[in-house]
Each structure stands twice: as structure tokens, then as C-alpha cells.
Amino acid sequence: HADAWQALWSGGLEVEGRPDVARAINASLYYILSSVREDTPFSLSPGGLPSNAYLGHAFWDCETWMFPPLLLWHPPIARSLLQYRHDRIPQAREKAKSYKPPYDGAMWPWESAFSGVEACPSTAPTGELEQHITGDIAFAARQYYAATDNASWLSSEGYALASGAADFFVSKATIGTDAAGVPHLLHVIPPDEYATCDDSVYTNAVAQIALDFATRAAAVVGEVADPRWANISARLPLLFDAKRQYHPECRQYKRGDTIKQADVVLLAYPLMVEMADAVRDNDLAVYEKVTDANGPAMTWGMHAVGHLEGGDVAKAASLFNRSFANVKPPFAVWTETPTGGATNFLTGAGGYLQAALAGYVGLRLHDDHIRLRPQLIEGATAIAARGLRYRGLGFDVRFDAAELTVTLV
């Protein structure tokens, strides 16, 4: 047991000068690793193994929030999470066919358990309408391929994930009656679960990623890409208010409406949609004012990442400190909201680890390279990210106010 933990703990993040941050980071990584194994291809639920939160079901929480830090520290574990989705493609295809009219491709359930069929209660509309999860799974597959360059995996598992998602979004798209024939994704629930709407900017963006990755993956594995993938991707709208220079959440969104959690701000990170700095800053400003203060724990870390990109260090520090207010003593256990909710909330733990890695270490995973843009956490004297993995190599990063060192291991 001790030897196994020593191997797992080869990857991690050390923060000197901020023991509160260091404690939250160590606890977050520990609790995630305690609920998953590389040789057991099951997913992660928001409450992990210690609790029955959300009945142990898997949501987008796994691929969007817990998967990215595991990918950077433990690629084999990240692969096992994707294998869970790959092994249940037949059930995802059956779910797509169950709609009237039926959809093509693979439509992964909003709530998934052992069987892989939709486990969301029929009384909740999310099971039918929160369809961005299919794009989230394809995006995770793209990230895994970018981090590992594993063409064998792409051929055996990744392409099926990508093409299944792409086929779904092509069949989901409704072609408009205008002369341009613009495709739309209608009647969906976005990450902001207070809304049911058309052309959710997050859902459309992650659908574009799925469609584009399927086209690129086809070329790598020697398959013929469906030309509709690129066609729909190129014309799918990402809503933008040119006058106010920000992204409306969806067609029905009225500026000032309360939202549940980070939604539009996820365009800048993790989706890394290209936009002007001023637009990213406007998105942050607009949605910070209207986000439910009792929403789930991941939101403020993502806002902190955005402000670090924009250079507002003070604002980022304030939101980063706010982002782990849900870590409860004495064992640094996460709660879903500041006042309670699901416990131990691994979604919040994964979001917090991303806020540290993507925000302050400044690590970005691109299709053909990684980027580092380190900044010290307020009050910290040095930060070290150990045991990071990229395409078969291991490396450590350490920086303080004066020097950055990257060491191949």
C-alpha cells in the first residue's frame, strides 16, 4: 500500500508560503486518486467512492473537471476513464436512437452507471437535454491524444469516441430556413442548468471541437471523414454580441439573468476558443455579477484562470481564494456548495487543481505542444509541479519570483 501511494504521489503540486493552498491541493489530489485505478475502467462520480452523492453516477464532471489533472499526472488513469465511455458506446447509440425522431451516432447519458444506459430520473429534464456531455467526452479524447500522441489508442478507442460524437451532433443540428442554411442546436440545457435554450454557446463550441477532432482523427487512423462533420462545424454559430463585445449564453439569454455556474467563461478555458482579450474580460465581468453565490464549487477557479490570462492578478487572487471556501476542516473535504450539497465533491477538487495548474503554473495543452506561463499564487514564495507527463516524458517545473526551472525526469 505504501509503495503504491509513493508511486501515485510522484505527481503533485507543492506551494511554499501558502499552507492553506498546499493543504487543499494535496487533499484534492488524494481524494481523487483514492476513487480511481488505472486497471479498473470505471468513471468518477461527483462524490467519489466515500459517499453516495448523486447515487455514484458519472456526469460531465469526470471528463471536464477530474480528468484534466489526472491526464497531466497519471495518463494511464485518464485512459481508463475514457475506456469506461468507449466500452459503453453501444448503450450511447441506443440512447440516440430512443429519441423521436432518432439521432445518429453515440449520445452518452447525462447520468451513467455500471450499465451505461441513461440513469437520470425521468422527472429531471437534464437526462434528455443536457447533451453537451457528448462533446465533453470527445474533448477529453482529444486532450488524451494531444498529451500522449498515442495513434494506436486513437485507432482502437479514440476514433470511435470522436466519430460517434460527431455523428450525433450532425444529426442533432437543425438547418435554418434562412438562405445560408445555418445549423442550430436547439432545445438543450447548457452547463447553466437554470436554462433550457437554443444555440448554447458552450454546447455549440464543444460540438465544434468534437466535429473537428473526428475529422482530424480520421486522417490519422486511415478512415474517411464524413464531409458533414467539417461542414456543420464551420457553420455552427457561436453567439456574439458585437455591440457589447461579449458572448450571450444562448439565444434566449437576457443580460442580467442569474446563472447557476461557470458556462460561457469556459470558452476561454478549458475549451480555449480563440477570442480577443477584451471579449474574454467582458465575459468574465458579465457573468461574475449574475452567478448564483450558492452554486457548485468549480466556478470561481475558472474565473481566476481567466483573470490570470488577462493580467488582473488581484482579481484572480480574490477569486482563487474564494474558489476553495468549500474545503472543510479538519480533513479538507470538499462540499458542493459553500453551505453543503454533495460530499466529498471531487468535481470541486478537480476544478481547483485545474485552477492551480492552468492558472498559476500556466500550463496549456495544445494539439502539438504545451505552454507554461507561471505566476506565483498570492503569498506563495515558490511553486513546484512534479511528475508532469507529456508524450512519454516526465518533467518537473519549479519557479519563484526570480527563476523558472523545467527539468526532464
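**Salt bridges, strands and pockets**

Reply: At 0% relative accessibility, Asp199 counts as buried, where buried means under 20% relative accessible area, exposed over 50%, and partly exposed in between (1.4 Å probe, protein chains only). This is a predicted model in which local features need pLDDT of at least 70 and side-chain atom pairs count only at pLDDT 80 or more, while totals for chains, interfaces and linings use all residues. Residues are numbered from 1 along each chain as its sequence is written, and side-chain values use heavy atoms, with hydrogens and water left out.

Me: With which residue does Arg251 form a salt bridge?

Reply: A salt bridge is a side-chain nitrogen of Lys or Arg within 4 Å of a carboxyl oxygen of Asp or Glu. Arg251 is partly exposed at 45% relative accessibility. The closest N and O atoms of its salt bridge are 2.8 Å apart, and the partner is Asp199.

Me: How many residues apart in sequence are the parts that Arg398 and Glu16 tie together?

Reply: Arg398 and Glu16 form a salt bridge whose closest N and O atoms are 3.2 Å apart. Arg398 lies in strand β10 and Glu16 in strand β1, so the pair ties together parts separated in sequence by 382 residues. Strands (E, at least two residues) and helices (H or I, at least four) are DSSP runs, numbered from the N terminus.

Me: Which residue in β11 stands opposite Phe399?

Reply: Strands β10 (residues 393-400) and β11 (residues 404-408) run antiparallel and are joined by five bridges; two strands pair if DSSP finds at least two bridges between them. A hairpin of three residues connects β10 to β11. Opposite Phe399 stands Leu404.

Me: Which element gives the most to the lining of the second largest pocket?

Reply: A pocket is an open set of points on a 1 Å grid over the protein atoms alone, where a 1.4 Å probe fits, with protein on both sides within 12 Å along at least five of seven lines; lining residues have an atom within 4 Å of a point. The second largest pocket holds about 490 Å³ of space, and among the 21 residues that line it, Leu271, Met272, Val273, Glu274 and His366 are the closest to its centre. The elements that give two or more residues to this lining are α9 (201-221) and α11 (277-288). With six residues, the most comes from α9.

Terms used: Grid points are joined across faces, edges and corners, and a volume is the space filled by probe spheres set on the points.
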